Structure formats: structure tokens, C-alpha cells
Amino acid sequence: MNPVVILIIDDEVALRGLLARILRLESFSVHEAGTLQEGKRKLADLKPQIILCDVKLPDGNGVEAVPELLKGAPFADIILLTAYGNIPDGVRAIHNGAYDYLVKGNDNDRIIPLISRALEKQNLQRRIRQLERTGGHLLTFDNILGRAPAVQTCIALARRVAPTDATVLLTGETGTGKEVFAQAIHTDSYRVGRPFVAINCSTFGRELLESELFGHRAGAFTGAMKDQKGLIEEARGGTLFLDEIGEMAPELQAKLLRVLETGEYMRIGDTRTIKADVRFIAATHRNLTEEVAQGRFREDLYYRLSVFEIRLPALRERPEDIPELARHFAALAAEKLNRRQIPVLTEGFLWQLGRLSWKGNLRELRNVVERAVILADTELTADLVPGDAHPDSETPQASWNLVSLEKKAIQRALEHAGGNKSETARLLGIAPATLYRKLKEYGLSN
């Protein structure tokens with residue numbers, strides 16, 4: 001397992017060093033700071049799980065500093081250390097967000113069990129957050145927006161495979177909505193009443209990801225104070241979504257392959273096999289055939305995962321969906337910001353959106369629209385689209401596509417006419433009725 005990171009903030013060098021040696025004997029990764037300011041500077045780089053902080057420091061009071069330390073390390077637990085404990089300080093420390101409050105001299109016997117309890121609490125909270133994020137309201141195919149043929153093809157394929165137990169591999173660029181499709185497949189399957197559990201494989205190191213997936217027995221490694229179920233077990237009867245599967249370490253790929261082939265697995269440190277009753281859906285932005293060729297991904301695992309592969313299109317491959325998606329994201333942003341009215345998306349705003357390359361796909365579009373809603377009062381205008389966004393570079397195929405050329409001509413005429421439809425029709429040499437029909441057809445009208 002990756003070692004737990006602990007930061008000690010104490011100006012007493014001898015006591016700090018003694019405590020550090022005790023903790024290192026327990027295989028913790030220990031770092032030291034002599035002042036509050038030095039400790040704060042180290043938070044961003046270290047990302048400690050535990051902070052041991054003296055109350056009386058040369059540049060501040062540890063009790064009062066708890067909220068600021070938590071800003072720098074929001075998921076850490078802070079244990080305050082003092083030479084002279086008193087009840088009011090202890091109460092104020094807990095009120096400020098500290099995990100506990102220890103009197104120096106008593107800490108040697110209590111510190112290791114206290115840290116272990118704090119780590120168990122963190123692990124439980126993290127798993128609750130993950131389960132809450134994936135186990136609440138699940139999306140259906142009706143929630144997937146898009147009339148583009150490429151999207152409709154993906155939806156049709158996903159509907160076809162959903163009722164089966166086949167393993168599904170969702171591929172495509174980052175931000176194309178792979179988790180939404182995974183949830184919709186689960187919702188449309190007979191497993192819908194059981195858990196949908198998701199994990200991003202790129203978030204964890206190999207050892208931690210192995211423990212997350214398979215679970216472990218007490219004593220299997222330092223810090224494993226009790227038995228813990230893995231996500232395969234948490235998702236029993238349901239679906240386990242393995243996002244960014246291409247980032248999984250080769251050693252762990254072999255263990256996952258065994259689960260797919262035998263339907264069995266073992267917790268870390270155990271000798272007893274457990275039946276895996278779970279449907280696997282995997283996703284990646286990488287080209288796994290290239291990863292296999294380069295020796296970075298197991299060929300046999302790739303074939304097991306890609307029983308049914310669905311490639312999700314990039315946003316630039318479905319530009320006709322941008323207006324509908326933008327309006328949807330604007331409505332979500334207005335609700336999030338407690339706006340009573342959804343801002344109007346002007347033609348200029350939609351025109352600017354249509355010019356971008358959208359390397360971040362749906363995720364980037366949502367961020368751009370939400371930013372615009374924050375800045376706007378009643379309508380979203382072209383100047384609210386970030387100026388540093390990259391204009392879309394036409395592919396040779398798109399540049400010769402008549403529909404694409406006609407749409408771009410209308411968009412440019414609209415921009416030149418400042419959104420005036422009568423002037424736009426005059427510039428294009430078409431009747432206003434024809435222009436309105438084309439605007440509706442290309443999703444350019446509000």
C-alpha cells in the first residue's frame with residue numbers, strides 16, 4: 001500500500017523528532033515543520049491524511065489555525081498537541097474542526113490507535129461519498145441529449161446490450177459522457193435495483209486500487225486494522241463501472257482478468273475465494289489496441305473487456321447538438337445558482353460555441369455555459385464565450401460537406417448582421433421564411 005502521509009508541525013525539535021521516529025516505525029511517511037507558515041506551505045505538495053499540530057507555535061496558535069489548515073488539506077484529520085491541556089481549549093479545537101486533542105507526554109501510547117481510528121473514519125467517509133455519488137438518482141437513455149446520427153447509433157447499441165450481462169467497453173475522448181452511458185445501461189438492465197458503483201482507475205496507485213477493488217483482511221498491510229469489503233463486493237448483484245481502465249497497472253490487470261475469466265477473486269491477505277456477482281462496464285479515452293501493441297495493456301484483458309465496444313463521438317463530430325446541449329447546461333446552471341429565470345442564449349452566443357474545437361467535449365461545454373450564466377443577467381451573448389478558446393479546424397471531409405458549408409454560411413451571415421434575421425436573409429439571397437426553416441433545421445434558433 002502507498003504509505004499514509006503525516007505532517008508534524010511543532011517548534012520543539014527534539015520532541016518532534018521523537019514523534020517522527022515513532023511514526024516511521026509504523027511505516028508512515030512523516031514530514032516535519034517548525035512553524036505554522038512552513039506547515040501551510042507544505043500542505044499542497046504533501047496532501048497529508050493526518051496533521052499533528054502543536055498548540056503554541058512561534059507564529060500562531062494551533063487551535064485557531066485549524067480552519068486554515070483544513071482549507072489547505074480539506075480531507076485531513078488534525079490532532080492537536082499541547083503541553084498543558086485544558087477543557088476550554090479542547091472544546092474549541094473540536095469546534096474548529098480538529099479530530100482530537102492530546103496532552104504531550106500521554107501521546108506516545110495513544111497516538112497510534114488515534115491515528116488508526118482517524119484513518120478508518122476517512123476511509124468510511126470516502127466510500128460513503130463515492131456510493132452517494134453513484135448510488136442515488138441514476139440516468140436513463142432518455143436523459144442522453146443529442147439528435148446527431150452518431151449519438152443515436154450509440155444509444156441504439158447501448159439499449160441492445162443493456163438487458164444482457166455482457167461486459168461493455170465505452171471508448172472515446174475525455175468528457176464525452178461515458179459514465180452517463182454506463183448508468184443508462186445499468187438502469188435499463190435487470191440489475192437496476194442493485195448498486196451501481198463507479199471508480200476512476202487513474203485516481204489511485206496500484207496498491208490502493210487493488211485494495212479498493214478486492215478489499216483486504218485485517219493485518220494484510222500496515223494500517224489494515226479490520227476486514228474491508230472491496231467495490232466488487234459492494235456492487236454485488238449490480239454493476240461496477242471501471243473508468244479510465246487504460247490507466248490500470250499491468251499487475252492489477254492480471255488480477256482483473258482472473259475475475260472476468262473465473263468469476264472469483266480473493267481479498268488481499270485472504271486465502272478464501274469469493275464469487276463475483278457483478279456486471280463490468282469499463283471505459284477509457286486511450287486507444288487500447290495501440291496500448292496492447294506497445295505492451296502497456298494486456299491483450300487477453302482487452303478482448304475480455306471489449307465483448308461489446310461502443311465508441312462515443314467527440315462533440316466536434318456532433319456540432320448540430322451544441323445548441324440543445326448548451327440550453328440544457330444553461331438550465332442546470334441557473335438552477336444551481338438559484339436563478340428564477342434561465343438566461344436567453346443569443347444567436348451570437350450559439351454561433352461562437354459552434355466555432356470552438358471542444359477538446360474537453362461535453363465537460364468543457366458545460367463549464368463554458370455555466371461560466372457565462374454566472375456572468376450574465378438575462379441573456380448569454382457572444383462576448384461571454386472565452387476568447388482564448390481554439391477555433392475548430394475543419395477536417396478535409398467537413399470542408400467539402402454541403403450541409404456543413406450551408407450551416408457555416410448562415411452562421412457567418414448572422415454574425416455579420418448582428419443577429420438581424422431580415423438582414424441575414426438579404427445577405428444570403430434567400431427568403432426570410434427559408435432562413436427561419438434553415439435556422440430551425442440546424443438548431444441555430446432560440
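**Helix pair α8/α10**

I started with helix α8 (residues 206-214) and helix α10 (residues 250-262), whose axes come within 10 Å and cross at roughly 15°. This is a predicted model, so I read every value as computed. Angles under 35 degrees count as roughly parallel. The helices α8 and α10 are therefore roughly parallel to each other. I noted the hand of the crossing as left-handed.

Next I listed who makes the contact. From α8 I have Arg206, Leu209, Glu210, Leu213 and Phe214. From α10 I have Glu251, Leu252, Lys255, Leu256 and Val259.

**Sheet**

I then traced an open sheet of five strands. Its order is β2-β1-β3-β6-β7, and the pairing is parallel. Which strands stand at the edges? They are β2 (29-33) and β7 (100-103). Each has a single partner strand, so one side of each lacks a neighbour in the sheet. From one strand to the next I get an average twist of 20°.

I looked at one pairing in detail. Strand β3 (residues 50-54) and strand β6 (residues 77-82) run parallel and are joined by five bridges. Here Asp54 stands opposite Leu81 in β6.

Two helices that pack on this sheet went into the notes. Helix α1 (residues 13-24) touches β1 (5-9), β2, β3 and β6. The direction of α1 makes about 170° with that of β2. Helix α2 (residues 36-46) also packs on the sheet, with β1, β2 and β3 as the strands touched. I find about 170° between the direction of α2 and that of β1.

**Salt bridges**

How many salt bridges does a search of the whole structure find? The search returns 21. I picked out a few.

I checked Arg24 and Glu32: their side chains meet in a salt bridge at 3.6 Å, N to O. Arg24 is partly exposed, at a relative accessible area of 40%. Glu32 is partly exposed too, at 23%.

Then I took Arg191 and Asp165, which form a salt bridge at 2.9 Å, N to O. This pair links distant parts of the chain, 26 residues apart. Arg191 sits in the loop between α7 (178-187) and β9 (196-200). Asp165 sits in the loop between α6 (149-161) and β8 (168-171). Is Arg191 buried or exposed? Arg191 is buried, with a relative accessible area of 5%.

Asp300 is partly exposed at 32% relative accessibility. For Arg298 I have 32%, again partly exposed.

I also found a network: salt bridges that share partners join Arg206, Glu207, Glu210 and Lys255.

**Glu370**

My last entry is Glu370, in helix α15 (residues 361-375). Why does Glu370 count as buried? Its relative accessibility is 18%, and buried means under 20%. I looked for its contacts, not counting residues up to four places away in sequence, and found Ala333 and Lys336.

Terms used: Residues are numbered from 1 along each chain as its sequence is written. This is a predicted model: local features need pLDDT of at least 70, side-chain atom pairs count only at pLDDT 80 or more; totals for chains, interfaces and linings use all residues. Side-chain values use heavy atoms; hydrogens and water are left out. A salt bridge is a side-chain nitrogen of Lys or Arg within 4 Å of a carboxyl oxygen of Asp or Glu. Buried means under 20% relative accessible area, exposed over 50%, partly exposed in between (1.4 Å probe, protein chains only). Helices (H or I, at least four residues) and strands (E, at least two) are DSSP runs, numbered from the N terminus. Two strands pair if DSSP finds at least two bridges between them. Axes are lines fitted to C-alpha atoms, for helices over the stretch in contact, and angles run from 0 to 180 degrees between N-to-C directions. Contact means heavy atoms within 4.5 Å. Angles under 35 degrees count as roughly parallel, over 145 as roughly antiparallel, 65 to 115 as roughly perpendicular and the rest as oblique. A crossing is left-handed if the near helix is turned anticlockwise from the far one by less than a right angle, and right-handed if clockwise.
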